[in-house]
Amino acid sequence: MRIVVENVDKKFVDNNKREVTALENINFTINEEEIVVLVGPSGCGKSTLLNIVGGLLSPTNGQVYFEGTNDIEPNLGIVFQEIALFPWRTVFENVIYGLEERGVPKKEREEKGKYYIDMVGLTGFENAYPKQLSGGMKQRAGIARALCIEPHLLLMDEPFSALDAQTRTIMQEELLTIWNRTRLSTLYVTHNIQEAVYLGDRVIVLSRHPGKIKSIINIDLPKIGRDSEQYRDQFEKYADEIWGLIRHDAQEALKEA
Ligand SMILES: Nc1ncnc2c1ncn2[C@@H]1O[C@H](COP(=O)(O)OP(=O)(O)OP(=O)(O)O)[C@@H](O)[C@H]1O
């Protein structure tokens, strides 16, 4: 599916009743099978934009539309930083939750649940409860739950930022393996520039106050294996370019923190 974001603005009213322009004139597309990463300093509107694409917030102006599907409401799989698994449900029951909601028959729920639990590497933990899982395993369960409804688009908002560095690296690699199997169009939000270059086909750099697109960078490296020695220089060049675009805004954001 292709997602088109056209002329999107978003204004909020803050606690002092002042109008805040969170996003201004945002235009981009997410093509079939593409991973688009939104990157930018704190407060530049990344989450707001992801929530607008996901239909959780409406834009003040502009629109988001979905091409290549006949469904009026496309299926969206959403993964947040803090995965809200139901504590009283097992991994399996959490993963198939969306299928239950949609009235999918039991046999199909079981097959799909099993398939996606296997895809995220949680086979053997079907009957575990969230409190028995590590942070990385909870994120895996959350990803399986998002995939289980077989979405047209995957939306991920800093899904690995609460994880330790090693787990995060492993999860990034696994996300690409999962992408390779599902080929899902994905919108991925991160603060982390290395992560953006590692995962993105395109990286959208947002500036802040108001959140505007500063640049859209095509990452012209193979999707799988771009962290290998062979591409190190090019990888770092992209990372430097993005940091150059963000540095000033990130420093300003720190002053306000
Ligand atoms: N519900 C709201 N009411 C008022 N202002 C809001 C609301 N949600 C977001 N904002 C403002 O909109 C701007 C963008 O916020 P948003 O959370 O989208 O940024 P972000 O880039 O995701 O930040 P972070 O990386 O820190 O999560 C900020 O100035 C924020 O204070």
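Select Ile35, Val37 and Val39 in strand S3, which point one way from the strand, and then Val36 and Leu38, which point the other way; all are buried, a term that applies where 20 or more other C-beta atoms, placed from the backbone, lie within 10 Å of the residue's own. The model is a predicted one, in which local features need pLDDT of at least 70 and side-chain atom pairs count only at pLDDT 80 or more, while totals for chains, interfaces and linings use all residues. Residues are numbered from 1 along each chain as its sequence is written.

Now select the whole of S3, residues 35-39: five of its five residues are buried, so the strand is largely enclosed by the rest of the structure. Strands (E, at least two residues) and helices (H or I, at least four) are DSSP runs, numbered from the N terminus.

In S8, select Val205, the bridge partner of Val39.

Finally, turn to the ligand, which 14 residues surround, the closest being Phe12, Ala22, Ser42, Ser47 and Thr48; a residue is near the molecule if its C-beta atom, placed from the backbone, lies within 6 Å of it. Strand S2 (19-30) and helix H1 (46-53) each supply at least two residues of this shell, and the largest share, three residues, comes from H1.

Methods: Buried ≥ 20, exposed ≤ 12 C-beta atoms within 10 Å, placed from the backbone. Pairing = 2+ DSSP bridges.
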